[in-house]
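Welcome to a short tour of one protein model. Have a look at the sequence and the structure, and then we can walk through them together.

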Amino acid sequence: MTATGVQQSTAVTERKMQTTFATNDIPAHQRRQFWQQVVSDIYYSLDLRFLGGHDFRGNLGAWSLGPVSISRNVSDGLLYKRHERHLLNEREESFLITVPELAEIRFEQDGKDIRCKPGAFLIERSHLPYEFSHCDPAALWVLKIPSAVLRGRISRPERLATLQFDASRSVGALFVETLRLAGERIGEMDETARTMMGKHLIDLLAMAVESDERVLAGHSSTVRNAHLHRCEQFIRTHIDDMRLTPQMVADGCGISLRYLHQIFEREGVTVSAYIRNQRLLMCDAMLRDPNCRKSISEIAYQCGFGDQAQFSRNYRGRFGCSPSEARAASRTPNS
């Protein structure tokens with residue numbers, strides 16, 4: 001029995017890191033309460049409004065891929081609401097990449113109202129209130145990525161919230177196909193393979209969204225943003241090089257050092273601060289990854305920090321705790 005007194009029909013297989021939930025064996029009058037608890041456990045706190053009768057039907061499977069997770073959510077019509085009160089006790093922000101397969105979904109966040117049909121995917125941000133709904137029975141693939149992990153690969157991912165992307169061709173289609181295949185094959189993977197697959201999915205997602213003109217668009221001109229994008233990618237590629245400097249970035253991207261500084265100043269950050277922040281985000285993702293067995297000094301060195309004491313000071317200044325405290329918290333149940 002759960003804390004809510006609802007008996008759950010749950011199959012859990014630790015080897016597969018898979019959890020499945022279904023309403024089949026739940027009495028009709030208890031299904032709404034059951035599904036409310038399931039959704040909160042798999043994603044985060046939400047209010048649900050059921051758009052049909054008490055004979056609600058749903059099936060949800062969830063799999064872990066290192067620090068990220070995949071879920072397959074099939075259910076009758078629902079309205080999900082994320083309120084300000086749901087955010088009060090949430091410590092870690094996440095992004096949900098949702099892929100509809102059977103029905104159109106509606107998403108409203110930050111004053112934007114989006115309709116997303118099969119053949120596309122959209123991105124939701126957990127730390128802002130929103131509404132998500134589908135009137136007809138729907139089948140959804142959902143990739144949940146902690147903000148710190150996504151920021152280690154895509155700068156300012158908040159730009160992606162409420163955007164939908166084409167999943168019918170090119171890298172967008174490859175990302176969605178890989179997401180589906182991962183869900184089908186995850187039972188055949190060991191822990192190392194699952195973690196690697198999670199990283200591959202993030203890389204494919206980044207490739208799918210970073211070429212989109214809406215993501216490139218910002219406060220600067222299109223040409224300047226193209227340079228910014230190329231500089232950001234150069235920094236990520238060379239983040240483990242302790243010799244990485246603004247001059248090295250400028251030379252690698254074929255622009256002057258002065259222009260490089262101007263590009264980043266328009267974004268409200270210095271080049272050196274951006275490099276340091278990217279290193280810290282990468283370290284944080286590794287520290288909070290329960291599958292990472294590297295020591296703190298190895299993580300710092302791999303991310304381009306040559307001085308561990310300096311790394312610890314910078315990490316505490318950025319995240320409000322020491323690297324060892326962050327690692328311990330990630331390994332504490334229900335942390």
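## The largest cavity

The largest cavity has a volume of about 110 Å³. Here, on a 1 Å grid over the protein atoms alone, a cavity is a set of points where a 1.4 Å probe fits but cannot get out. Grid points are joined across faces, edges and corners, and a volume is the space filled by probe spheres set on the points. The structure holds two cavities of 30 Å³ or more. This is a predicted model, in which local features need pLDDT of at least 70 and side-chain atom pairs count only at pLDDT 80 or more, while totals for chains, interfaces and linings use all residues. Residues are numbered from 1 along each chain as its sequence is written, and side-chain values use heavy atoms, with hydrogens and water left out.

Which residues line the largest cavity? They are Y43, L46, N73, Y80, L96, T98, E124, Y130, F132, L140 and V142, where a lining residue has an atom within 4 Å of a point. Two or more of the lining residues come from each of β7 (94-100), β11 (130-134) and β12 (138-146). Sorted by class, the lining has eight nonpolar, two polar and one charged residues. In this sorting, Ala, Val, Leu, Ile, Met, Phe, Trp, Tyr, Cys and Pro count as nonpolar, Asp, Glu, Lys and Arg as charged, and the others, Gly among them, as polar.

## The second largest pocket

A pocket is an open set of points with protein on both sides within 12 Å along at least five of seven lines. The second largest pocket holds about 700 Å³ of space. Its lining is made of 24 residues, and K199, M282, A285, M286 and Q302 lie nearest its centre.

At least two lining residues are supplied by each of α5 (191-210), α7 (222-237) and α10 (271-287). The largest share, five residues, comes from α5. By class, the lining of this pocket divides into 10 nonpolar, six polar and eight charged residues.

## The overall fold

The protein has 13 helices and 13 strands. Helices (H or I, at least four residues) and strands (E, at least two) are DSSP runs, numbered from the N terminus. Of the 335 residues, 49% count as buried; buried means under 20% relative accessible area, exposed over 50%, and partly exposed in between, with a 1.4 Å probe and protein chains only.

Contact means heavy atoms within 4.5 Å. Among contacts between residues at least 6 apart in sequence, 68% join residues at least 24 apart.

## Two pairs of helices

How do α8 (residues 246-253) and α9 (residues 257-265) cross? Their axes come within 9 Å and cross at roughly 105°, which makes α8 roughly perpendicular to α9. Axes are lines fitted to C-alpha atoms, for helices over the stretch in contact, and angles run from 0 to 180 degrees between N-to-C directions. Angles under 35 degrees count as roughly parallel, over 145 as roughly antiparallel, 65 to 115 as roughly perpendicular and the rest as oblique. P246, Q247, V249 and A250 of α8 make the contact with L257, L260 and H261 of α9. These residues divide into five nonpolar, two polar and no charged.

The axes of α12 (residues 308-319) and α13 (residues 323-330) also come within 9 Å, crossing at roughly 60°, so α12 and α13 are oblique to each other. On the α12 side, F311, S312, Y315 and R316 meet P323, E325 and A326 in α13. That contact has four nonpolar, one polar and two charged residues.

## Residues worth a visit

Most residues other than glycine have a negative phi. D110, although not a glycine, has a positive phi of about 55°. D110 sits in the loop between β8 (105-109) and β9 (112-116), and D110 is exposed at 60% relative accessible area. T162 is not a glycine either, and has a positive phi of about 75°. T162 is in the loop between α3 (147-151) and β13 (164-166), and counts as buried at 6% relative accessibility.

A120 lies in strand β10 (residues 120-125) and is buried, with a relative accessible area of 11%. A120 and A167 are 47 residues apart in sequence, yet 4.5 Å apart in space, C-alpha to C-alpha. Leaving out residues up to four places away in sequence, A120 touches V99, P100, Q164, F165 and A167.
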